[in-house]
Amino acid sequence: AILGDTVYAGSRDNNVYAIDAGTGDKQWEFDVRGAIQGSPAVTEGVVYAGSNDGGLWAIDHDGGEPTGRWRFETGDQVMASPAVTTTHAFVVSTSGNAFAIVPEDGATVWRIDVESEIHEGPAVAEEWLYFGATDGSVYGVRSG
């Protein structure tokens, strides 16, 4: 994910990194306690990263050291990139659950279980969330 002059990247070493896009210098790193397989998402000064520890992490940053805003427990590994809008954060897990989350505090807006593993990140378009599952289906869910 890119915001301004900063690139945000996850790593299998359990860290989210903020990297200066012009120089390649590391600005900061944040440990999310599990490998990150998808790309972080960023909006309004918050970086969202899914982790193999079963969580979606919301990380505040103000140009200085990052701080954890909240961690949302999905109940299983998060292998996919999250999706974010100004009103919701979305995460999917390998247990077949998709979640809409309040960005300010990590509260659950809704949860859907499709009973099939989800490995790829969701996409948001207008008022819909789309994601594919290992059963070969593509699901469309009202995002709000």
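Strands here are DSSP runs of E with at least two residues, numbered from the N terminus. By that numbering, Y130 sits in strand 14, which covers residues 128-132. Please keep in mind that this is a predicted model.

**Aromatic pairs**
- A pair of aromatic rings is described by how far apart the centres are and by the angle of the planes.
- Seven aromatic pairs are found in the structure.
- F30 and W57 make an edge-to-face pair, because their planes meet at 65°, and planes over 60 degrees apart count as edge-to-face. The ring centres of F30 and W57 are 5.9 Å apart.
- This pair joins distant parts of the chain, with F30 in strand 4 (residues 26-31) and W57 in strand 7 (residues 55-60), 27 residues apart.
- Both F30 and W57 are buried.
- F90 and W110 form a tilted pair, with 6.2 Å from centre to centre and 40° between the planes.
- F90 belongs to strand 10 (residues 89-92) and W110 to strand 12 (residues 108-113), so this pair also links distant parts of the chain, 20 residues apart.
- F90 and W110 are both buried.

- In soluble globular proteins, nonpolar side chains tend to be buried together.
- The largest nonpolar core has 13 residues, and F90, V92, W110, I118 and F131 have the most contacts inside it.
- Strand 10, strand 11 (97-101) and strand 14 each contribute at least two residues to this core.
- Which residues does V92 contact, leaving aside neighbours within four places in sequence? They are V78, A80, N97, A98, I118, E120, P122 and F131.
- A second, separate core has 12 residues, among them V16, A18, I36 and V42.

**A nonpolar patch on the surface**
- W128, Y130 and V138 form a nonpolar surface patch, and together they have about 300 Å² of accessible area.

**A loop residue, D135**
- D135 is found in the loop between strand 14 and strand 15 (138-142).
- With a relative accessible area of 40%, D135 is partly exposed.
- D135 touches V114 and S116, not counting residues up to four places away in sequence.
- The C-alpha atoms of D135 and S116 are 5.9 Å apart in space, while the two residues are 19 apart in sequence.

Terms used. Residues numbered from 1 in each chain as written. Predicted model: local features only at pLDDT ≥ 70, side-chain atom pairs only at ≥ 80, totals over all residues. Heavy atoms only, no water. Phe/Tyr/Trp six-rings, centres within 6.5 Å; stacked < 30°, edge-to-face > 60°. Helix = DSSP H or I, 4+ residues; strand = E, 2+ residues; numbered from the N terminus. Buried < 20%, exposed > 50% of the residue type's maximum accessible area, 1.4 Å probe, protein only. Patch = residues over 30% accessible without salt bridge, like charges linked within 9 Å, V, L, I, M, F, W, Y side chains within 5 Å. Areas by Shrake-Rupley, 256 points an atom, 1.4 Å probe, with all protein chains shown as cover. Salt bridge = Lys/Arg side-chain N within 4 Å of Asp/Glu carboxyl O. Core = buried A, V, L, I, M, F, W, Y, C linked by side-chain atoms within 4.5 Å. Contact = heavy atoms within 4.5 Å.
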